[in-house]
Amino acid sequence: MIKYLNQPFQLPCGAEVPNRIAKSALSEGIAEADGRPSESLFNLYERWGKGGAGILFTGNVMVDKDHLVNANVMIADDAFLADYATLAQKAQANGTQLWMQINHPGRQAPVYLDKAPVSASDVGMPSRMYLKPRPLTEEEILELIERYGNAALLAKEAGMSGAQIHGAHGYLVSQFLSGLTNVRTDKWGGSLENRARFVLEIYRNMRAKVGPDFPLGIKINSADFQRGAFTEEESMQVIQMLDAEGMDLIEVSGGTYERAAMVGTQHKESTIKREAYFLEFIVKVRKLVKTPLMLTGGFRSSAAMEAALASGELDFIGMGRPFCVYPNIANDLISGERAGCEVPDLLTGVPKIDMSGMLQTPWHMFQLARMGKGLEPDLDMDIWMVYEKVTGRKRPEQA
Ligand SMILES: Cc1cc2nc3c(=O)[nH]c(=O)nc-3n(C[C@H](O)[C@H](O)[C@H](O)COP(=O)(O)O)c2cc1C
């Protein structure tokens with residue numbers, strides 16, 4: 001019997017969320033070529049909107065069309081207001097909330113999309129897939145802060161229920177927070193206070209633009225899991241700073257695309273069995289802050305979700321991959337129709353591929369594309385077909 005997942009929740013700004021299940025942000029890659037929400041996106045969100053989640057976070061919406069993380073992602077542009085309004089209307093027709101996740105890739109923008117990447121500093125990714133970034137000037141930093149604020153305002157004007165800063169997974173906000181990628185010597189780098197200035201100013205700009213009643217949240221890493229990068233200790237301090245600012249919801253995740261902890265391919269067997277990857281971290285955070293907390297990464301069974309909520313250590317359960325193959329999962333868990341959702345492990349048997357988690361994202365994005373076309377998700381989709389499409393290479397002989 002479900003006791004917690006179905007409970008409504010009031011955010012600090014006063015808005016009420018109908019239940020405790022959220023679809024975490026999933027980059028869809030099915031916008032129009034100019035970044036406008038497409039018919040396929042309307043179909044996908046209409047479907048998810050019937051699925052019973054309390055909140056649907058959009059896939060990352062980019063603040064600058066010249067800096068993208070993958071092709072055909074949504075772009076925050078006032079010219080697309082009517083399209084975003086349609087998206088909001090489709091997603092929210094049954095009382096589910098739609099929040100826009102707002103992002104800039106910084107250095108984590110692949111070379112085929114970004115020939116002139118920017119970041120906090122000129123620290124490149126250790127891969128030929130990415131070019132070395134140029135450090136942003138102070139003027140550009142201030143302009144970007146405005147862009148994040150304007151994107152939040154666009155979300156509000158389109159009738160969405162909230163906005164979320166993407167502060168996780170090694171993108172630009174993460175890059176400013178991490179001492180590994182931010183080696184600036186001005187007021188935007190150096191001490192943790194300085195490295196956190198970018199995200200705090202983004203939040204303040206958004207809040208000034210959307211007013212006190214509009215839900216604002218952030219997705220942040222518990223840690224980057226790399227030597228010299230953003231640590232758990234630092235993450236806890238930044239979360240306390242955000243708490244003091246009046247944030248409505250803090251979603252905890254972890255890892256970067258150099259070290260893909262968010263999709264769990266490098267976690268210990270015991271962590272995967274226990275489901276929530278970053279639970280120990282959130283237990284510590286709960287003691288430090290009053291801001292409502294959401295945990296994403298690994299949740300699969302209603303028993304684990306109910307236990308996490310019952311413990312009082314978090315307020316929302318976030319899920320990503322399950323929503324790609326079970327669009328009705330929130331309804332199913334709450335009604336008891338399903339006790340959980342097995343998501344394929346997508347292992348190829350080739351350790352290098354499996355450890356990198358490189359097929360996780362595209363395999364799931366292909367499922368979103370199917371739903372955008374009105375098709376059912378395909379749990380049996382061949383992982384090697386995805387490999388061949390993504391890499392342009394044939395599957396290895398032994399596979
Ligand atoms: C296809 C795909 C796209 C994703 N896109 C985003 C994104 O745009 N923003 C984000 O914060 N996380 C993104 N993620 C990470 C998920 O939100 C989530 O943190 C991760 O999948 C772990 O949760 P899960 O174990 O429930 O899947 C993506 C994950 C997948 C599989």
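## Ligand shell

In this predicted model, helix H14 supplies the largest share of the shell around the ligand, with four residues. The shell holds 27 residues in total, and the closest to the ligand are Ser 24, Ala 25, Ser 27, Gly 320 and Arg 321. Two elements give two or more residues to this shell: helix H11 (321-325) and H14.

By class, the residues around the ligand are nine nonpolar, 16 polar and two charged. Domain 1 (9-343) and domain 2 (348-399) both contribute to the shell, so the ligand lies between them.

## Domains and their contact

The chain is divided into two parts, domain 1 (9-343) and domain 2 (348-399). Their C-alpha centres are 23 Å apart.

Where they meet, 18 residues of domain 1 are in contact with 16 residues of domain 2. On the domain 1 side, helix H1 (39-49) and H11 are the elements that give two or more residues. H1 provides the largest share of that side, five residues.

## Packing of H14 on H15

Helix H14 (residues 360-372) packs with helix H15 (residues 383-391) at an angle of about 100°, and their axes are 10 Å apart. Angles of 65 to 115 degrees count as roughly perpendicular, and H14 and H15 are therefore roughly perpendicular to each other.

In this contact, Pro 362, Trp 363 and Phe 366 of H14 meet Ile 383, Val 386 and Val 390 of H15. The contact of H14 with H15 has six nonpolar residues, with no polar and no charged ones.

Key
Residues numbered from 1 in each chain as written. Predicted model: local features only at pLDDT ≥ 70, side-chain atom pairs only at ≥ 80, totals over all residues. Axes fitted to C-alpha atoms, helices over the stretch in contact; angles between N-to-C directions. Parallel < 35°, antiparallel > 145°, perpendicular 65-115°, else oblique. Contact = placed C-beta atoms within 7 Å. Nonpolar A, V, L, I, M, F, W, Y, C, P; charged D, E, K, R; others polar. Near = placed C-beta within 6 Å. Domains from an automatic or database assignment.
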